[in-house]
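Me: Please take a close look at one part of this protein for me. Keep it brisk, and spell out the cut-offs as you go.
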Amino acid sequence: MAVPKRKMSRSNTRHRRARWKATTPQLVPVTVDGSVRLVPQRLVKAYERGLLGQEG
């Protein structure tokens, strides 16, 4: 495991953390039980198989 040789300054730490951004998932229209829903692209197969379509 990598171990830092020197302490990183607060300014450098915050600058590094600020560069990371979460991205919103790409939504795709899918028809589930006759209704069209926008779901993340990576979950389309699960919705088509009926694994995630239940609201409850």
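Reply: Helices (H or I, at least four residues) and strands (E, at least two) are DSSP runs, numbered from the N terminus. Ser11 lies in one of these, helix H1. Arg10 is in helix H1 too, which covers residues 10-18.

This is a predicted model: local features need pLDDT of at least 70, side-chain atom pairs count only at pLDDT 80 or more, and totals for chains, interfaces and linings use all residues. Residues are numbered from 1 along each chain as its sequence is written, and side-chain values use heavy atoms, with hydrogens and water left out.

Now the surface. Buried means under 20% relative accessible area, exposed over 50%, and partly exposed in between (1.4 Å probe, protein chains only). Ser11 counts as exposed because its relative accessibility is 53%. Arg10 has 63%, so Arg10 is exposed as well.

Next, charge. Arg10 belongs to a surface patch of positive charge, together with Lys7, Arg14, Arg16 and Arg17. Such a patch takes residues with over 30% relative accessible area and no salt bridge, with like charges joined within 9 Å. A salt bridge is a side-chain nitrogen of Lys or Arg within 4 Å of a carboxyl oxygen of Asp or Glu. Lys and Arg count as positive. The charge is placed at NZ of Lys or CZ of Arg.

Finally, the setting. The protein has two helices and two strands, in the order α-β-β-α from the N terminus. Its radius of gyration, taken over C-alpha atoms, is 21 Å, well over the 10 Å that the globule rule (2.2 Å times the number of residues to the power 0.38) gives for 56 residues, so the protein is more spread out than a compact globule.

Notes: Patches are made of residues with over 30% relative accessible area and no salt bridge: like charges are joined within 9 Å, nonpolar side chains (Val, Leu, Ile, Met, Phe, Trp, Tyr) within 5 Å. Accessible areas come from the Shrake-Rupley method with a 1.4 Å probe; for residues, only the protein chains shown count as cover.
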